[in-house]
Amino acid sequence: MAAIEQAIITWIHLVAAAIWVGGSLFIGIVFSPLLKTMTNSIEERMQIMIRVGRRFNKVAVPSLIILMATGLYTSHA
């Protein structure tokens with residue numbers, strides 16, 4: 001495998017990891033505690049978290065698939 005090809009695949013892998021891990025950490029560490037200050041209603045918090053989770057999944061699932069594919073490709077090469 002050419003060095004430039006390996007560098008591009010590694011870069012794609014790292015970007016996908018940053019999106020997946022960074023987004024998950026943001027939701028868990030920043031957004032979830034912030035919800036407690038926004039509303040006292042548990043039902044309303046759950047609805048907001050479900051909406052945010054669904055929107056994040058539109059980015060997170062493809063990132064995870066790319067992460068696995070580039071990881072498998074790199075380990076095979």
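**View A. Helix 1 gives the largest share of the nonpolar patch, six residues.** The model shown is predicted. The patch covers about 710 Å² of surface. Its members include Ile4, Ile8, Trp11 and Ile12. Val15, Ile19, Val59 and Ile66 also belong to the patch. Two or more residues come from helix 1, and two or more from helix 2.

**View B. Valine 59 sits in helix 2.** This residue is one of those that make the nonpolar surface patch. Ile66 is another member of the patch.

**View C. Helix 1 packs with helix 2.** Helix 1 spans residues 3-38, and helix 2 spans residues 42-76. Two packed helices are described by the angle between their axes and the distance between the axes. Here the angle is about 160°, and the axes lie 9 Å apart. Angles over 145 degrees count as roughly antiparallel, so helix 1 is roughly antiparallel to helix 2.

**View D. Helix 1 and helix 2 cross with a left-handed sense.** Which classes of residue make up the contact of helix 1 with helix 2? The contact has 19 nonpolar residues. Nine polar and three charged residues are also part of the contact.

Methods
Residues numbered from 1 in each chain as written. Predicted model: local features only at pLDDT ≥ 70, side-chain atom pairs only at ≥ 80, totals over all residues. Heavy atoms only, no water. Axes fitted to C-alpha atoms, helices over the stretch in contact; angles between N-to-C directions. Helix = DSSP H or I, 4+ residues; strand = E, 2+ residues; numbered from the N terminus. Parallel < 35°, antiparallel > 145°, perpendicular 65-115°, else oblique. Left-handed = near helix turned anticlockwise from the far one by under 90°. Nonpolar A, V, L, I, M, F, W, Y, C, P; charged D, E, K, R; others polar. Patch = residues over 30% accessible without salt bridge, like charges linked within 9 Å, V, L, I, M, F, W, Y side chains within 5 Å. Areas by Shrake-Rupley, 256 points an atom, 1.4 Å probe, with all protein chains shown as cover. Salt bridge = Lys/Arg side-chain N within 4 Å of Asp/Glu carboxyl O.
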